[in-house]
Amino acid sequence: MSPSASSTAGRAPRFAVVGVPGNRRVTLFQDAVCAAGLPAARVVPWLDVLRGEASFLPGETVRMDSPGEDTEVERLLRAVGDPARVEGTARWYAGFTSAVRTVARAAAAAGAELLDDPDDVAVLFDKRLCHAVLDSAGVPVPASPTSGVAAPVVRDWADVRGRMADHGMSRVFVKLAHGSSASGVLAVETAGPGRIRATTSVERDASGRLFNSLRVRRITTEPEIAAVVDALAPDGLHIERWLPKATRHGRATDLRVVVVAGRATHAVVRTSHSPMTNLHLGGERGDLDAVRSAVEAAGGSWSEALAVCERAAACFPDTLCVGVDLLPSTGWRRFAVGEVNAFGDLLPRLTGLPGSGAEGLDTYAAQVAAVQNRARNNRATATP
């Protein structure tokens, strides 16, 4: 948490949320605050932050939420008129991390407490940096030739092919370093000379511009794959080995696990016929009890699976909540972390895992409760 936390120790929290007014994320968090019997959170628009107009009040507990789904915010951060465009993520990253640091300075100056550490956010939104942090902490992750600041920059498709060959990778995920929600992701697989295909939701128009689509498609010619990758490369690329996932009923399966205050509190199973399990790309929610049973029946440990997520979250100790993408391997006995998401808590109506301390609470209510618990502990500690 921010250095200003000591100034608010022992007080009941008064929240401010930096977000997009009226957005469902802000609304759900506001609902959780009010349900806890606290005053409504003060909403600070990202637009105000970007225009240098944001301010905070002494003693506020400041939560940052996603700046997405606001056309004007997107225009200011990425300099593109159409939010469906893929390009511009490097510029977005520079603008967003600068805005996050603006929030941190303003909160510190006001004597407010920040729930999202700006250094953590900068790592979480760079897949290359995040992978290196997880790997160095012993968290299982897919092998990557682009992990960390010392890795060579991927300039184009020829570099991708070269990294795959050098590291013996016939199947990889190529990702935008600063992408989210599977934007700009290609699942690339080769099978001998001249045989290559990629699965992606990226569409390329006649002028070469790239757009996100809700339709997952396959590209089966190398020149077309190269054209997409070459257009993405200026924004920064991350390459990871494509690990074979466990399946249920013929569908690839992974999990989003939310970790709040160091504890895995919520989990949702995502399944898909494509390599991308994102729900907005046609993925479906699976049966969590069935997955847990499959893990235990295979001789694996469900508690260890959750512990992997908690170890990943522990790499970001000054950030209250993260969403961890957990990849179960074929056979259900081993797990790896695909990504850690700063804003990975949008799981409406999902209540907490048994034994998590968040039973009956959604992801936002669990975060409010965690802040309240900390305030109570601070009061108890401060009592003579």
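Author: Begin at the start of helix 6, where a side-chain oxygen of aspartate 126 comes to within 3.0 Å of the backbone nitrogen of arginine 128. That is a polar contact (N or O atoms within 3.5 Å, one able to donate a hydrogen and the other to accept it; sequence neighbours count only through two side-chain atoms). The model is predicted: local features need pLDDT of at least 70 and side-chain atom pairs 80 or more, while totals for chains, interfaces and linings use all residues. Numbering runs from 1 along each chain as its sequence is written, and side-chain values use heavy atoms, without hydrogens or water.

Helix 6 covers residues 127-136. Helices (H or I, at least four residues) and strands (E, at least two) are DSSP runs, numbered from the N terminus. Just past the end of helix 6 sits glycine 138, with a positive phi of about 80°.

Now look at what helix 6 hides. Its buried residues (under 20% relative accessible area, 1.4 Å probe, protein chains only) are Lys127, Cys130, His131 and Leu134. Down the helix axis, these residues fall within an arc of 100° (taken from the axis to the C-beta atoms), so they line one face of helix 6.

What covers that face? Among the elements over the buried residues are helix 5 (118-124) and helix 10 (302-314). Strand 5 (171-176), strand 9 (237-241) and strand 15 (335-341) also take part. Contact here means heavy atoms within 4.5 Å.

Two of those strands lead on to a sheet. Helix 6 lies across strand 5 and strand 9, at about 40° to strand 9. Axes are fitted to C-alpha atoms, for helices over the stretch in contact, with angles from 0 to 180 degrees between N-to-C directions.

The sheet is open and has five strands, in the order 8-7-6-5-9. Its pairing is antiparallel. Strand 8 (210-219) and strand 9 are at the edges. Each has a single partner strand, so one side of each has no neighbour in the sheet. From one strand to the next, the twist averages 25°.

Strand 6 (residues 186-190) runs antiparallel to strand 7 (residues 196-204), and five bridges join them. Strands pair if DSSP finds at least two bridges between them. In this pair, leucine 186 stands opposite threonine 200 of strand 7.

Definitions and conventions:
Buried < 20%, exposed > 50% of the residue type's maximum accessible area, 1.4 Å probe, protein only.
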